Amino acid sequence: MKENTWNILRPFVFPSSSAKFSAALFYPLNSLKVRVQQKSELIGLGKLSSKEKVTMLTTAKGIWLEEGIKAFYRGLDIAVIRQLSYGGLSMGLYKLLYQFRAQKKRNVPFYEKFCLGMTSGFFGAFVSNPFDVGMIRMQADAELPEEKRIGYKNIFDAFKRIRKEEGLSQLYSG
């Protein structure tokens, strides 16, 4: 790889890699959080008995016993892709924009750094939000009653079905 090409790609590669690693490491907790939130919402709506106390531990135990360890990692592929897109784009784009600005102005003031951060964060969020929507939908789908489950096969199936059944704008909801 040419030195110049590597200098352009490097700001994207390292943040993407570290974001991917953290996603894989902490994903089971995120899955658990979504399940606890969903159960709490169902109790609030009166669709689930309030006798059962909803905690992280009771929910984790229920998932482990009823669905097995794989359930904690359902949707991990989406989380990794989301982190690759968000982490890589927001951090990498910031670095490139900053370097471009620093060439023209030796000391980049705070307000310009702030604007560069907002710009790169916006693009990262714009690209990665559909992955967030898909990830949460896949996690939440497992908690629905069997007859109401959508049963997304993978992220591409989720994108296709959300776009077809609800419209493209739903990939940017939330």
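These legends describe close-up views of a predicted model. Local features need pLDDT of at least 70 and side-chain atom pairs count only at pLDDT 80 or more, while totals for chains, interfaces and linings use all residues. Residues are numbered from 1 along each chain as its sequence is written, and side-chain values use heavy atoms, with hydrogens and water left out.

**View 1. A nonpolar patch on the surface.** F21, L25, F26, L29 and M56 make up this patch. Together they have about 540 Å² of accessible area. Accessible areas come from the Shrake-Rupley method with a 1.4 Å probe; for residues, only the protein chains shown count as cover. Patch residues have over 30% relative accessible area and no salt bridge; nonpolar side chains (Val, Leu, Ile, Met, Phe, Trp, Tyr) are joined within 5 Å, and like charges within 9 Å. Helix α1 (residues 3-44) gives the most to the patch, with 4 residues. Helices are DSSP runs of H or I, at least four residues, numbered from the N terminus. F21 is found in helix α1. F21 counts as exposed because its relative accessible area is 57%. The cut-offs are under 20% for buried, over 50% for exposed, and partly exposed in between (1.4 Å probe, protein chains only).

View 2. A salt bridge is a side-chain nitrogen of Lys or Arg within 4 Å of a carboxyl oxygen of Asp or Glu. By this rule the count comes to 8 salt bridges. The pair links distant parts of the chain: D132 lies in helix α4 (residues 110-141) and R82 in helix α3 (residues 76-104), 50 residues apart. Both D132 and R82 are buried. Side chains of opposite charge can pair when their charged atoms come close.

**View 3. A salt bridge between E112 and R101.** Here the N to O distance is 2.7 Å. E112 belongs to helix α4 and R101 to helix α3, and the pair is 11 residues apart. E112 has a relative accessible area of 12%, so E112 is buried. R101 has 27%, so R101 is partly exposed.

**View 4. A salt bridge between R149 and E146.** Their side chains meet at 3.3 Å, N to O. R149 counts as partly exposed because its relative accessibility is 36%. E146 is exposed, with a relative accessible area of 60%.

**View 5. A salt-bridge network.** R35, E67 and R74 are joined into one network. The salt bridges here share partners.

Key
Helix = DSSP H or I, 4+ residues; strand = E, 2+ residues; numbered from the N terminus.
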